[in-house]
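Hi,

Here is the structure I promised to pass on. Have a look at it first, and my notes follow below.

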Amino acid sequence: MTLEVKQLTGGYFGNPVLSDVSFNIESGELVGLIGLNGAGKSTTIQEIIGLLTPYSGTIELDGLTLQEDLEAYRKKIGFIPETPSLYEELTLREHIELTALAYGVDVELAMERAGVLLDTFRLSDKLDWFPVNFSKGMKQKVMIICAFLTEPSLYIIDEPFMGLDPLAIQDLIDLMVKMKNDGASILMSTHILSTAEKFCDKFVVLHEGKVLVAGTLAELQSKFDMPGASLDEIYLTLTKQEVAEHHE
Ligand SMILES: Nc1ncnc2c1ncn2[C@@H]1O[C@H](COP(=O)(O)OP(=O)(O)OP(=O)(O)O)[C@@H](O)[C@H]1O
């Protein structure tokens, strides 16, 4: 599975935030989307999941565009938003069943997959509870469980570590690594660069709606002549330069 974003210019009505954004994610790759507040990370994600339509450029998943087959395209993606969105009138069990139906996964199989995930995230005894009444982190876990039980080819996770306790962060990372090793692709946006550095294969650095640089840590170190530097160090140097140039 590959995601290919090519020369994407896009954003909101009257506000083209992204300009000429290109990057790709191969099967088995975990890619970190990083950038300052307002850099365009969430906008990029919204373009990929089809909530926004590109002004120009293309987005292909396994060679398929959303325009060609919306349903097939959407089913390939498991999306975990930054802010959990849950149905007030549905129990946790019903959220799992609804997700299964939406993704065309057999309900029994979905419950089986969910069983393992519910154990991992310590929610097994809450199946008949209403997630709208859960804590913030528990709600986030429901979104994670629903995305992972569909076993999509591309996971898109917006700020995955926000609101999760340290145990849940580790559990989520273990899950991401497992899915990636099974051939899935993962795009995650994050500000937690030390964690991103440890687990991501590649990085796409966005700045003011443009790709400032993309590549592995080794590629970034060599490109900016900062051997042995951490992602944090490279990123801070880069953005400070950009911000300084912008204000000159
Ligand atoms: N609904 C909207 N309509 C118009 N402009 C928007 C809308 N949402 C975001 N923007 C603008 O798009 C730009 C990029 O925002 P975006 O949310 O993609 O940034 P981000 O990199 O995800 O930031 P953060 O790290 O703060 O989450 C910002 O200038 C923002 O003001």
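Leaving aside residues up to four places away in sequence, Ala-168 touches Phe-121, Gly-137 and Lys-141. (Two residues are in contact if their C-beta atoms, placed from the backbone, lie within 7 Å.)

Before you read on, please keep in mind that this is a predicted model: local features need pLDDT of at least 70, side-chain atom pairs count only at pLDDT 80 or more, and totals for chains, interfaces and linings use all residues. Residues are numbered from 1 along each chain as its sequence is written.

Now the overall picture. The protein chain has nine helices and nine strands. (Helices, H or I with at least four residues, and strands, E with at least two, are DSSP runs numbered from the N terminus.) Its radius of gyration is 18 Å, close to the 18 Å that the globule rule gives for 248 residues, so the chain is as compact as a globular protein of that length. (The radius is taken over C-alpha atoms, and the rule is 2.2 Å times the number of residues to the power 0.38.) Of the 248 residues, 35% count as buried.

The largest nonpolar core holds 63 residues, of which Ile-145, Ile-156 and Ile-186 touch the most other members. Helix α5 (residues 136-149) gives the largest share of this core, nine residues. (Such a core is a set of buried Ala, Val, Leu, Ile, Met, Phe, Trp, Tyr and Cys residues joined through C-beta atoms within 7 Å.) Among the residues that Ile-156 touches are Ile-45, Phe-79 and Leu-187.

The residues around the ligand include Tyr-12, Asn-37, Lys-41 and Thr-43. (A residue is near a molecule if its C-beta atom, placed from the backbone, lies within 6 Å of it.) β2 (15-25) and α1 (41-49) each supply at least two residues of this shell, and α1 gives the largest share, three residues.

Best wishes

Definitions and conventions: Buried ≥ 20, exposed ≤ 12 C-beta atoms within 10 Å, placed from the backbone.
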